[in-house]
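Please read it alongside the sequence and coordinates shown here.

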Amino acid sequence: LKTALVVRVGRDSDGQAVIQHLRSEQVDTRLVQHDSGMNTGLSFLVVETKTNEHVALVDYGANDHLTLSRQVIQKNPQWWYVSSLSTKRWPQLVRQLTKTKALLAWNPGSTQLQGYRQMKPFLKKTELLLLNKDEATELSARTTLTPQQYGSRIVIVTDGRHGAKAYIGGRVLSVKPTMHTAKDTTGAGDAFGSSVVAGLIK
């Protein structure tokens with residue numbers, strides 16, 4: 001698969017390290033944005049050693065100022081994969097993506113879940129909505145809706161070591177993990193979500 005990343009980093013050593021790593025993984029970095037006034041985002045992880053579950057404390061840094069230029073939109077990919085957007089301008093960014101012909105896979109973050117009214121118009125335009133169990137519980141509590149009623153064509157809810165469920169129309173599909181002892185859960189949600197998208201593309 002040909003992949004490119006749209007992200008904003010600072011003009012600092014961390015930003016350069018991010019770009020170098022992406023290039024080493026054959027990810028197109030030509031759409032990476034550089035911010036002279038902000039540092040590259042930073043995460044601090046607190047890990048529970050028995051289960052390797054973690055809590056991430058995040059400073060999004062330059063990524064709070066992410067924009068979508070005409071150059072990005074005109075790339076016209078098969079899919080957009082959107083993870084947590086920290087910027088207050090997130091509705092504008094998602095609206096831009098839903099106006100393209102590409103399919104949208106969306107893993108909304110806390111900023112989106114707290115603003116369901118802003119989020120609602122985009123759910124029916126989302127091909128694949130990805131949530132963990134806590135996020136799905138929060139969204140259902142705010143809306144009194146079940147995953148089947150969110151409006152997206154496919155809704156997948158992950159539940160750590162217990163596996164995941166996919167809601168497609170009136171069907172519910174369940175899958176169990178092949179191993180129960182996680183070595184490292186950092187990025188597991190996005191790794192799972194992007195793998196699902198890769199599977200749908202193939």
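A contact means heavy atoms within 4.5 Å. By that criterion, among contacts in the protein chain between residues at least 6 apart in sequence, 54% join residues at least 24 apart. The model is predicted: local features need pLDDT of at least 70, side-chain atom pairs count only at pLDDT 80 or more, and totals for chains, interfaces and linings use all residues. Residues are numbered from 1 along each chain as its sequence is written, and side-chain values use heavy atoms, with hydrogens and water left out.

**Overall form**
- The protein chain contains seven helices and 10 strands, where helices (H or I, at least four residues) and strands (E, at least two) are DSSP runs numbered from the N terminus.
- Its radius of gyration is 17 Å, close to the 17 Å that the globule rule gives for 202 residues, so the chain is as compact as a globular protein of that length.
- That radius is taken over C-alpha atoms, and the rule is 2.2 Å times the number of residues to the power 0.38.

**Burial**
- Of the 202 residues in the protein chain, 36% are buried (under 20% relative accessible area, with exposed over 50%; 1.4 Å probe, protein chains only).

**Helix 6**
- Helix 6 (residues 133-143) has E135, A136, L139 and T143 as its buried residues.
- These residues lie on the same side of helix 6, because they cover an arc of only 100 degrees around the axis, judged by the directions from the helix axis to the C-beta atoms.
- The exposed residues D134 and A141 are carried on the face turned away from the buried side of helix 6.
- Cover for the buried residues of helix 6 includes helix 4 (110-113), helix 5 (116-123), strand 7 (128-132) and strand 8 (154-158).
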